[in-house]
Amino acid sequence: MDIENIHGFTVGRIHLPEVDSTNSFLRRDSSSLFRSFPACGLFVVTADMQSAGRGQRGSVWQSAVGENLLLSILLRPSAVKASRSFSLSVVAALALKKCVARYGIDAFLKWPNDLYFNNAKLAGILLEADFEGANLSQAIVGIGLNVNQKQFASMERNPVSMSLIQGIDYSVSEVGQVLVDEFLKLYDVLLQGGDDALFAEYEEQLMGRHATMLYRDSSGFFDATVHGVEKDGRIRLLRCDGGVSYYSFKEVQMVNLGY
């Protein structure tokens, strides 16, 4: 365990050669970590390999050994309302965008929690939250960022890596440091009550914010632009006929990307 101070946060850092999943590791050990290291306000775990990496809604996150950033952050954000837990996904998404921008990559966000370069998926986020009354008691933010991988076992969702985009390899640990740095700067903004500004920035970076895209819901196909995102994470779409529709995750599909 390495302990360091980053932007005023005392962070416990753990690196594992192999784990089933970084999110699962933190969920199993969260109580013992906070009990054993009470000075730490949060913990970051990274791994070279995940044997059971997870994405949203039970999907599998595949990664070659040592080539990508597999990272989870354990937080106890008691000041964040349960109804606004999606704000942590907003923080993570913006941190990912800012991280790769520091390496010259102009990526964009795809609602609710993916990072894309052109039409290829560069990173994904998995948020797992626990609640106590009206507030968050604990949250684990899992992030998978394709860094150096050049061949993928599955081409579902058209994966891409930083290395494939730029033609060079990167230090995965350094990329992880940059990502944590960006995350904690934005997390501090959230804790200071700046979620409105974070949501506004997130909305501006979403694919389809300034362009009409083809969508599909349970009723069929329609054209719309992204009108905004509610604090609970629902996307707000402005249809070309002037109507406004609200959707939770998996209730609407962006047909242009096929998912």
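Author: A salt bridge is a side-chain nitrogen of Lys or Arg within 4 Å of a carboxyl oxygen of Asp or Glu. This is a predicted model, in which local features need pLDDT of at least 70, side-chain atom pairs count only at pLDDT 80 or more, and totals for chains, interfaces and linings use all residues. Residues are numbered from 1 along each chain as its sequence is written, and side-chain values use heavy atoms, with hydrogens and water left out.

Reader: How many residues apart in sequence are the parts that Lys98 and Glu201 tie together?

Author: The side chains of Lys98 and Glu201 meet in a salt bridge, with N to O at 2.9 Å. Lys98 belongs to helix H2 and Glu201 to helix H5, residues 195-204; helices (H or I, at least four residues) and strands (E, at least two) are DSSP runs, numbered from the N terminus. The pair therefore ties together parts whose separation in sequence is 103 residues.

Reader: Is Lys97 buried or exposed?

Author: Buried means under 20% relative accessible area, exposed over 50%, and partly exposed in between (1.4 Å probe, protein chains only). Lys97 forms a salt bridge with Asp106, at 3.5 Å from N to O. Asp106 is exposed, at 62% relative accessible area. Lys97 has a relative accessible area of 14%, so Lys97 is buried.

Reader: By about how many helical turns are Lys185 and Asp181 separated?

Author: The closest N and O atoms of the salt bridge between Lys185 and Asp181 are 3.6 Å apart. Lys185 counts as partly exposed at 35% relative accessibility, whereas Asp181 counts as buried at 19%. Because the two residues are four apart in helix H4 (residues 172-191), Lys185 and Asp181 are separated by about one helical turn.

Reader: At which residue does helix H1 bend?

Author: Helix H1 covers residues 22-36, and its buried residues include Phe25, Leu26, Leu33 and Phe34. What covers the buried residues of H1 includes strand S2 (9-16) and strand S3 (42-47). The bend at a residue is the angle between axes fitted to the seven residues ending there and the seven starting there. In H1 this angle is about 65 degrees, and the residue is Asp29.

Reader: Which residues does Lys81 touch, not counting residues up to four places away in sequence?

Author: Lys81 sits in the loop between strand S4 (69-75) and helix H2 (86-101). Lys81 is partly exposed, with a relative accessible area of 45%. By the contact criterion (heavy atoms within 4.5 Å), and not counting residues up to four places away in sequence, Lys81 touches Ala134, Asn135 and Leu136.
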